[in-house]
Amino acid sequence: MNQSLPALLCLNAGSSSVKFSLYKVANGSPELLFGGQIEGLLTQPHFEAKDVQGNLLNERQWAKPQRRAEAVEIILDYVKAEAKGYQLKAVGHRVVLGGTEYAHSVVVDEAVLAVLDHYAPIVPSHQPAEIEAIRLLRESHPDLMQVACFDSAFHRTKSELADLYALPLSYRDKGLRRWGFHGLSYDYINTQLPQLDQRLATGKTVVMHLGSGASLCGLVNGKSAYTSMGFSPLDGLMMGTRCGSLDPMIPLYLMSQYKMAPAAVEKLLIKESGLLGISGISNDMRDLECSAAPTAQLAVDLFVYMLAQQTGTAMASIQGLDGIVFTAGIGEHSPLIRAKTCEALAWAGVEIDTTLNESNNHQARRISTDHSRVAVWVIPTNEEIVIARDTWQLINSH
């Protein structure tokens, strides 16, 4: 790269994939150049990169598994080769949990990594991979600034009561509290509301982030006051393979009566439950919507039931409801789930326009009727731009 326009690389490292996006900074604002991912690291790795319009730029496959270190270097080499005319200034990482220490994004040093290591056991499916990617780059490119952007940070505005479990307070001080996640997504939606619907921006709004992982957030005047996810990303809504809210006696019962090891229980709750566990078919809502199997319909119905139930809890927590926002994969692309959810919430004054709901328009749009007491919006999320924005701000402050 030459010394022309600044560029920012955003990384989202998972257990078997690494997603990336490269942003240029023009006129002080990040703009996407291209992005992609390497998925299937543990089986048959597949690399692809696409431009802003979604056109395929590059694609590679490997017959053998790749280590995360190799994946990170492949991405970095590709970015350097393709981003002619740009200087890579920093790498921003999505990190799930920053604890009480970090209510905002932060430049990474060894002290920060020590905090992230401390919280890693709470989110074993995410945090260790994210930390590993950071350390790999610190070793191979020690002069490259790295920034950690936290999914938990947006929820640090919740009250003390909304953080607490009814355990002895000494456990709260050990980290057993309702952290909340998907904060980068909620942060982005919150930045869009003022220009779309001022009433929702300053009022009481429930944002539903519905993807393979799913949660909802109760906003009051643009700040998180409630979230369905708690101590870990396993809590709250039913998800693709995660069970969501569960009687805490169930894991103890499985271990005592069925002699299941803790690792087996963890696998059951995180990887074998949710849509996949109920349907026995798939963890993908699209597959279930197309299936005639009774278990597929049961999984869809339970997903909606738990979503409406959690929305009621959020309404009680924020003491009202001015609007609902659907976002993320299912929220943005499933008219069926939106319709069923809003039907289940009709008692709260929710009414949507069928034509607007089923529109193929992928832009932010209101889908509620004119006389609905509750405004309903579909707003595509963009977690990467939040990472790029925060990273650029930290570059300028150093």
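User: Contact here means heavy atoms within 4.5 Å. The model is predicted. At about what angle to E6 does helix H3 (residues 127-140) run?

Analyst: Helix H3 lies across strand E1 (5-13), E6 and E8. Two of these strands, E6 (residues 86-95) and E8 (residues 145-150), pair with each other in the parallel sense over six bridges. Against E6, the direction of H3 makes an angle of about 155°.

User: Which strands are the edge strands of the open sheet of eight strands?

Analyst: The order in this sheet is E5-E4-E3-E2-E1-E6-E8-E7, and the pairing is mixed. An edge strand pairs on one side only.

User: Which residue in E8 stands opposite Ala-90?

Analyst: E6, residues 86-95, is joined to E8, residues 145-150, by six bridges in the parallel sense. The residue of E8 that stands opposite Ala-90 is Met-145.

User: At about what angle to E1 does helix H16 (residues 383-397) run?

Analyst: The strands that H16 lies across are E1, strand E2 (18-26), strand E3 (29-39), E6, E7 and E8. One of them, E2, is mostly covered, with seven of its nine residues buried. The angle between H16 and E1 is about 130°.

User: What are the rings of Phe-34 and Tyr-78: stacked or edge-to-face?

Analyst: The model has six aromatic pairs. For Phe-34 and Tyr-78 the ring centres are 5.7 Å apart and the planes stand at 80°. Planes over 60 degrees apart count as edge-to-face. The plane angle therefore makes this pair edge-to-face.

User: Which aromatic cluster includes Phe-34 and Tyr-78?

Analyst: Phe-34 in strand E3 and Tyr-78 in helix H1 are 44 residues apart, and their pair links distant parts of the chain. Phe-34 is buried at a relative accessible area of 6%, and Tyr-78 is buried at 10%. Their cluster consists of Phe-20, Phe-34, Phe-47 and Tyr-78.

User: How many residues apart in sequence are the parts that Tyr-119 and Trp-179 tie together?

Analyst: The rings of Tyr-119 and Trp-179 have centres 5.5 Å apart and planes at 75°, so they form an edge-to-face pair. Both residues are buried. Tyr-119 belongs to helix H2 (residues 110-119), while Trp-179 is in the loop between helix H5 (169-172) and helix H6 (183-196), so the separation in sequence is 60 residues.

User: How far apart are the end C-alpha atoms of helix H1 (residues 68-82)?

Analyst: H1 has 15 residues, and at 1.5 Å a residue it should span 21 Å. The expected span uses one less than the number of residues. The model agrees with this expectation, because the end C-alpha atoms of H1 are separated by 21 Å.

User: Which strands stand at the edges of the open sheet of six strands?

Analyst: This sheet has the order E11-E10-E9-E12-E14-E13 and mixed pairing. An edge strand here has a single partner strand, so one side is left without a neighbour in the sheet. The strands that stand there are E11 (223-227) and E13 (365-366).

User: In E14, which residue is the bridge partner of Arg-365?

Analyst: E13 pairs with strand E14 (residues 375-378) in the antiparallel sense over two bridges. In E14, the residue bridged to Arg-365 is Val-378.

User: Leaving aside neighbours within four places in sequence, which residues is Ala-314 in contact with?

Analyst: Ala-314 is placed in helix H12 (residues 294-318). H12 lies across strand E9 (204-210), strand E10 (214-220) and E11, at about 150° to E9. Ala-314 is buried, with a relative accessible area of 0%. Beyond its sequence neighbours, the contacts of Ala-314 are Val-206, Leu-216 and Tyr-226.

Note on methods:
Residues numbered from 1 in each chain as written. Predicted model: local features only at pLDDT ≥ 70, side-chain atom pairs only at ≥ 80, totals over all residues. Heavy atoms only, no water. Helix = DSSP H or I, 4+ residues; strand = E, 2+ residues; numbered from the N terminus. Buried < 20%, exposed > 50% of the residue type's maximum accessible area, 1.4 Å probe, protein only. Pairing = 2+ DSSP bridges. Axes fitted to C-alpha atoms, helices over the stretch in contact; angles between N-to-C directions. Phe/Tyr/Trp six-rings, centres within 6.5 Å; stacked < 30°, edge-to-face > 60°.
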